[in-house]
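I am keeping these notes while I go through one structure slowly, looking things up one at a time. I want to write down what I find before I move on to the next thing.

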Amino acid sequence: MPLLLMVLGITPAYPADDTTETRLDTWLAAGPVLLHLPAYHDVESIGGTTYGLSQLLESGFLKTEGLRPAEGERIGFRHDEYRRWREVSLTDSRLQGVSVPDRKTEVQAWYLAGYLQASRWTETTLEIKTTHPAALYLNGKRVASKSTAETGAGDAGTISHKLELERGHHTVMVKLLVPGGEDFEPHFEATLKTGDAFQEPVAHLRPSQQLSLGHLMNLPEAQGVSISADGTWVAVMMRESVPGENRWENCIELRSFDSGEVKRTWRGGKSITGMNWSQKDHIFSYTTRDGSKGTVWVVNLETGTKRAVLEDVEHLGSHIWGPENRFMLYSVTDRHNDDGTGVSRLDGMHDRYPTWRHRSFIHRLNLESGTRERLTAGLLSTSVNSISPDGRHLIFSRTHVDYSERPFTKQELVKMDLHTFETEQLMKAPWLGSATYAPDGRKLLITGSPNAFGELGRTTDGLANDYDTQAYIYDLESRTPEPFTLEFDPSVGGVNWSHDGRYVYLSTTDQSFNNVYRYDTRNARFEKLDTGVDITSGFSVASNTNRAAYIGHGINDPHKAYTFDLRRDRSRMISFAAEQEYNTVRFGSSKDWRFETENGTEIDGHVYYPPQFDADGKYPVIVYYYGGTTPVTRAYSGRYPKELYASHGYIVYVLQPSGAIGYGQEFSQRHLNDWGKVVSGEIIEGVRSFLDAHPYADAERVGAIGASYGGFMTKLLLTETDLFATGISHAGISNITSYWGDGYWGYLYSSVASANSFPWDSPELYVNQSPVFRADAINTPLLLLHGLSDTNVPPAESMQLYTALKLLGRDVEYVQIEGQDHHILDYGKFMLWKNTILAWFDRYLKDEPAWWEHKYGD
């Protein structure tokens, strides 16, 4: 008898039909709870039915979704009525403590719970023989039931249900009823029946578990914050899954900065976006959307009132408060109506975009009077950047197409007098980002490319990487920009002034971290804030005080909301919505790992280990990279959740090849005109170095995965090496020329990646580096994934290589995701897409094809 089964009180049997049968005799039990049939239960309803045991069995008396019972844990049934989960043995097929109620209108309820641990995808059948009316739940969802009650064990009814279990821990729960006033003999026995083609799951009573896709998809998650002007309140934007509906819903939690306590929550069926605080008083606004219409609501916390200030506005965009709460600026999109013929002339490459002929314009709502004014019109869309502190001027931007030079667009910054509507052009330059008034109204804080002002913002010889964003302080009187991040290696994201204008807070990509730095304008010094997390996002600074809030997460560290006292430099967690659920999740460890290439370049990286990792064992390895212009950060979860791969028994090695921002301009410049010439060699060298340095990493079972530019890198790598046992490419480029010409942003992205190089003058890039022209060199099994509505990297990029490899007789599969763009956003399709990746890796890196074959056949 296997030792583990003996310890758990489980009795295995080995029948002759190649099926293993295992009795489940040990359970956690909670009960009894006395239930009552409702008044008039025996009177026929309008549908001609009465209310009996079947309906009582179906009633949701106890919420089972998300329940992880543990021995000794208290569970509430009614007010002041609790029970505790306790371990029970059912070796005699009888639950001790069961008694039959005297009255027929009374029913005793019991709950049994346990866990099944699957080390791989498997199938098994759970068979329950019982005299009780019973319902079977798997992971909180009812999957089978029987509503009859039998008088003796010999007449016991049966529930038989096939369980298809993904790798991980699964909660099994049984609800048992004891009908009152009946001649009833309690009997219960449960048996797992597993065919020899599948691995039998292990039964146990421990609630600890490994990370699952359900944790990432279904648990509430803080996604954004906004802090009030005086720093008293923090609004936390939450994403929650809607039980049973396979979708998410947004809500807003209002929390105290000082205590973190929730004052109020706003939730509902409509999508909630655009949370903004006014610059005085405790007033905020948000937008709800219903189809193409939007409504802006204003909430006054002091008076407790809520009112709609803009209601059912067609194609409403974003909004922003003016100073002293006098007005709001908001955008509305004017939709272009075509002539309906289906025949049209293309007005340049941008005209491919479905929304290109739509135009967005700025409007003003005068809050006291309720009057509305349109501020901008014309040929080009206008976007709000910043309102001057006195409310007199507005900075807005417009984008001009210019095919004469890279990057083929220029951004214009315009200053408008909000009294006279007169405008003044401040600048017109490529790759400009945000522009924000200083608190004194005399300067602008501008973000943009190192090349935005010629050589002023770059430290490199020749063009810098335009994605390596810099920050500039622009003097409105002298019209001169100061590139104050010139010698600052992190790449700049969001920027905020302090309320007194002395400091600038910079949200950055800092190698594989997202850190916040404080820049002192008096002494030109940078200081990193200790936020206590790997990834600091959505850093929101109070406009009138030294307080901030942010979302923090990182490796093995789920999303939480934090506050930060900027005077004392102290952080505090105020919201971890899924804390209780994550208390039972066990993550593996992680570490940083760097190597030096043959040419002396240090390549950064980090490693995820499986839970219960044993250095004396051998583990398959997944290598993840982007290889393009941004690093793979240490963010938790995301579209390619490394923690999830590790929980499935893989070591995950992430590396940051040359060309990534966040490591200084010289490093990021290497992305220009590379298209894998250097990067592919660095990845191959890095993987070999990693395998040599880690004997527990199985060199025969290494998989490669990347998406978008990283998907291109997967394809290119497989033309250059047989190091990998398999590869996965999501939305990867196969033909650089067709991507350049056909992808909506192909020629724009190529204005950096292929700066000043074109198909007609640089075949060494556009042909020689295109995987489809080297397809005959690919001998490694390859999975291609692509959203069929992808406008960034068109699906033809996967289809081209699929066609080539099929004609070459190579091992290739192509899974298409209908109705999805570059990112897979639909809840149900996201789940299938993620599991497809894991099933493919299990097939080729673990020699476990059952999951893949279950999904797609042999």
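**Sheets first**

I began with an open sheet of 4 strands, whose order is β31-β32-β33-β34 and whose pairing is antiparallel. I noted that this is a predicted model. At the edges of the sheet I found β31 (432–437) and β34 (480–482), each of which pairs on one side only. From one strand to the next, the twist averages 30°. Inside this sheet I followed β32 (residues 443–448) and β33 (residues 470–475), which pair in the antiparallel sense over 6 bridges, and I saw that T447 stands opposite A471 in β33.

I then turned to another open sheet of 4 strands, with the order β27-β28-β29-β30 and antiparallel pairing. Its edge strands are β27 (383–387) and β30 (423–429), and each of them pairs on one side only. Here the twist averages 25° from one strand to the next. Strand β29 (residues 409–417) pairs with β30 in the antiparallel sense over 6 bridges, and V414 stands opposite Q425 in β30. I reminded myself that strands of a sheet pair through backbone hydrogen bonds, either parallel or antiparallel.

**A hairpin**

Next I looked up β15 and β16, which form a hairpin with 5 residues between them, and in the turn G231 has a positive phi of about 75°. β15 and strand β16 (residues 233–242) pair in the antiparallel sense over 6 bridges, and the bridge partner of I227 in β16 is V234. Why is strand β15 (residues 221–227) described as largely enclosed by the rest of the structure? I wrote down that 6 of its 7 residues are buried, so the description follows from that count.

I went on to helix α12 (residues 796–807), which has 12 residues and reaches 16 Å from its first C-alpha to its last, close to the 16 Å expected at 1.5 Å a residue. The buried residues of α12 are E797, S798, L801, Y802, A804 and L805. Looking down the axis of α12, I noted that these buried residues fall within an arc of 165°, so they line one face of the helix.

**Aromatic rings**

Last I turned to the rings, and the structure holds 55 aromatic pairs. Y609 lies in the loop between β45 (602–608) and β46 (619–624), and Y696 lies in the loop between α7 (679–693) and β48 (697–707), so the pair ties together parts that are 87 residues apart in sequence.

F758 and W760 form an aromatic pair that is stacked, with 4.9 Å from centre to centre and 0° between the planes. W760 is exposed, with a relative accessible area of 64%. I also recorded a cluster in which ring pairs link W431, Y467, Y626, W675, Y709, F712 and Y749.

I finished with charges over rings. The charged end of R74 sits over the ring of Y82, 3.7 Å from its centre, while the charged end of K306 sits over the ring of W297, 4.6 Å from its centre.

Notes
Residues numbered from 1 in each chain as written. Predicted model: local features only at pLDDT ≥ 70, side-chain atom pairs only at ≥ 80, totals over all residues. Heavy atoms only, no water. Phe/Tyr/Trp six-rings, centres within 6.5 Å; stacked < 30°, edge-to-face > 60°. Helix = DSSP H or I, 4+ residues; strand = E, 2+ residues; numbered from the N terminus. Buried < 20%, exposed > 50% of the residue type's maximum accessible area, 1.4 Å probe, protein only. Lys NZ or Arg CZ within 6 Å of the ring centre and 35° of its normal. Pairing = 2+ DSSP bridges. Axes fitted to C-alpha atoms, helices over the stretch in contact; angles between N-to-C directions. Expected span 1.5 Å × (residues − 1). Arc of directions from axis to C-beta.
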